[in-house]
Amino acid sequence: MPIHNREIATKLNRLANLLEIEGANSFRVRAYRKAASTVRGYPRSMSDMLDDGENLSKLPNIGDDLAEKIQTMVMTGELPLLQEVEDRTPPALSELMKIEGLGPKRVRKLYEELDIQSLNDLEEAIKAGKVQKISGFGNKSAEKIKLRLEKYSGNEQRTRLIDAEEIAAPLLDYLKDAKGIGNIIIAGSYRRRKETVGDLDILITAKDSSPVMNHFIRYDDVEEVVSKGETRSTVYLRSGMQVDVRVVPEESYGAAKIYFTGSKAHNIALRKLGTKKGYKINEYGVFEDNERIAGETEESVYECIDRKYIEPELRENRGELDAAADGSLPRLITLSDIRGNLHTHTKASDGHHSLKEMAKAAEKLGYEYLAITEHSRSLSIASGLDRDQLSRHLDEIDELNAQLENIVLLKSSEVDILEDGRLDYPDDILKKLDFTVCAIHQKFDLSRKKQTERILRAMDNPYFHVLAHPSGRLINERDPYDTNLEKILEAAKERGCFIELNAQPQRLDLTDEGCKMAKDMGVRISIASDAHSTSDLKHMRCGIDQARRGWLEVKDVINCLPRNQLLELFKR
DNA sequence: GCCGTTTTCGGCCCGACTGTTTTCAGTCG
């Protein structure tokens with residue numbers, strides 16, 4: 001069973017935590033964390049790369065030493081240095097660091113002075129009044145830790161972007177009523193449109209910050225005020241969401257937007273470029289010899305380091321700073337570039353609205369075409385259509401098309417890919433369709449090799465066109481099934497197939513990195529809402545967010561094409 | 001431990017807030 005990138009990353013992070021508690025060189029600790037982050041976000045699996053004979057030390061933040069450690073993990077599943085460290089430092093201390101307010105120094109102190117090795121030990125010690133007696137801790141610290149312990153569940157998750165939007169919207173409205181407020185924007189990963197967000201970073205400009213901060217902490221939904229200062233305040237909302245509000249003067253708005261939008265990796269790279277030119281870049285502006293030379297707008301900051309403006313979605317230090325230097329930044333796709341939707345359901349299978357209702361709703365969005373993709377016969381749980389039902393369904397589409405003026409319904413099906421890689425309908429049925437959207441809905445637990453081969457075999461069928469939700473993951477609910485994405489993309493390129501970016505906010509599958517990988521390999525994408533109701537059609541915008549993070553442009557997305565050109569693509 | 005258009009050695013982001021101090025360490029983002 002090959003080890004996953006996320007397991008490698010988890011081990012490296014745990015090692016970093018324990019070494020930090022032991023007081024190891026902080027830059028070495030940081031190096032392990034940076035490497036963990038590289039591995040976690042990398043679209044190809046370390047295991048596959050080693051199989052292909054590639055040198056891992058080419059990856060950013062991974063040198064000879066870590067390349068070797070990763071190779072050992074891939075081959076044996078173990079990291080010897082981690083085991084060594086765990087022999088002398090209790091492994092659970094790593095978890096104690098997850099409690100807010102506890103960093104390496106304090107965890108070490110708790111261990112050395114009170115022999116606290118676990119969350120349980122810590123709880124007992126606080127109850128017994130021992131913690132507040134250690135120097136450096138006091139009653140307030142003990143109280144805070146106690147509160148955090150009560151709320152800590154161990155499986156804290158980031159919030160899906162669409163859920164974060166629901167939390168953010170009323171708060172933003174409320175904050176706008178604060179006295180003397182200038183600009184207001186939600187920065188952070190929310191502005192970068194990342195699929196999940198950890199907290200909300202709200203940036204505000206105002207001459208006087210006090211009224212803004214006082215207004216903020218009086219928000220109805222605030223459960224706890226963590227800190228409150230002149231430029232920064234932090235609260236927890238009842239939903240558990242952490243919200244940071246930062247107030248800066250008007251002239252620093254651009255620099256602060258960059259700073260608080262991140263990502264961290266983008267900012268560090270950007271500041272390094274500044275340093276090289278003799279500037280200091282921080283949240284207040286760009287400084288040359290303590291004189292502010294830019295910062296009012298984001299453009300002015302990028303200009304100082306000879307870069308064009310970079311869209312927030314691209315700010316992940318994945319090559320955007322180089323692209324902004326040589327003029328090769330992508331012109332990112334927008335919602336209005338979309339001409340149709342290639343994956344939708346109606347009442348005929350597991351959708352909630354009729355053909356006509358879906359067609360009218362899509363027409364209202366200005367689409368030229370809408371593909372109806374009911375489930376195929378094996379998926380009885382979603383009322384999949386048998387061959388006669390599908391046949392009648394196609395007739396209905398023909399009849400409705402004769403009445404529709406501004407939109408055309410495309411005849412399709414979300415065809416199951418069976419365990420052996422066959423498609424769920426015979427060819428004589430498939431050929432009646434304009435194109436197919438093929439997907440895996442069962443047998444998620446096949447080995448990586450078998451799952452990949454299953455998909456490749458399916459692609460051999462000349463009626464295979466689009467691979468829908470290619471990993472099957474549901475954010476925060478279900479892990480992706482195990483496949484070799486690179487091999488799938490290679491096969492898609494060879495055979496003239498396409499990959500779906502499923503725009504359902506809990507799917508968003510492909511990932512952003514996956515989109516970029518597909519683009520770089522020359523495989524085009526269908527961004528489709530997989531709508532099961534008329535209102536689901538608007539989830540297209542979630543797919544656009546993800547696509548922009550994956551550097552996609554109009555030319556990379558097949559449903560930006562007019563209908564006749566699109567249908568040409570499906571002639572394999 | 002990583003990295004390099006000043007460097008193969010010597011850097012590695014840095015400002016804000018809190019609590020416990022009595023001038024600052026620890027933590028966080």
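Tutor: Asn317 lies in the loop between helix H15 (298-304) and helix H16 (320-325); helices (H or I, at least four residues) and strands (E, at least two) are DSSP runs, numbered from the N terminus. The model is predicted, so local features need pLDDT of at least 70 and side-chain atom pairs count only at pLDDT 80 or more, while totals for chains, interfaces and linings use all residues. Residues are numbered from 1 along each chain as its sequence is written, chains are lettered from A and ligands numbered from 1 in the order in which they are written, and side-chain values use heavy atoms, with hydrogens and water left out.

Student: Why is Asn317 called partly exposed?

Tutor: Buried means under 20% relative accessible area, exposed means over 50%, and partly exposed is in between (1.4 Å probe, protein chains only). Asn317 has a relative accessible area of 39%, and therefore falls in the partly exposed class. Its phi is also positive, at about 55 degrees, although Asn317 is not a glycine.

Student: What makes Arg193 count as buried?

Tutor: The relative accessibility of Arg193 is 13%, which is under the limit for buried, so the word applies. Arg193 sits in the loop between helix H11 (188-191) and strand E3 (196-197), and its phi, near 60 degrees, is a positive value in a residue other than glycine.

Student: How do you know that Arg473 is buried?

Tutor: Arg473 has a relative accessible area of 10%, and because this is under the limit, the residue is classed as buried. The place of Arg473 is in the loop between strand E15 (466-467) and helix H21 (485-495). The C-alpha atoms of Arg473 and Ile305 are separated by 39 Å, and these residues are 168 apart along the chain.

Student: Which residues form the positive surface patch?

Tutor: Arg30, Lys34, Lys264, Lys272 and Lys276 form it. Patches are made of residues with over 30% relative accessible area and no salt bridge, where like charges are joined within 9 Å and nonpolar side chains (Val, Leu, Ile, Met, Phe, Trp, Tyr) within 5 Å. A salt bridge is a side-chain nitrogen of Lys or Arg within 4 Å of a carboxyl oxygen of Asp or Glu. Helix H2 (26-41) and helix H14 (264-276) each supply at least two residues of the positive patch, and the largest share, three residues, comes from H14.

Student: What makes the patch of Glu123, Glu124, Glu143 and Glu150 negative?

Tutor: Lys and Arg count as positive and Asp and Glu as negative, with His and the chain ends not counted, so these four Glu residues gather in a patch of negative charge on the surface. Helix H8 (119-127) and helix H9 (139-151) each supply at least two of its residues. Glu150 is found in helix H9, and at 56% relative accessibility it is over the limit, so it counts as exposed.

Conventions. Accessible areas come from the Shrake-Rupley method with a 1.4 Å probe; for residues, only the protein chains shown count as cover. The place of a charge is taken as NZ of Lys, CZ of Arg, CG of Asp or CD of Glu.
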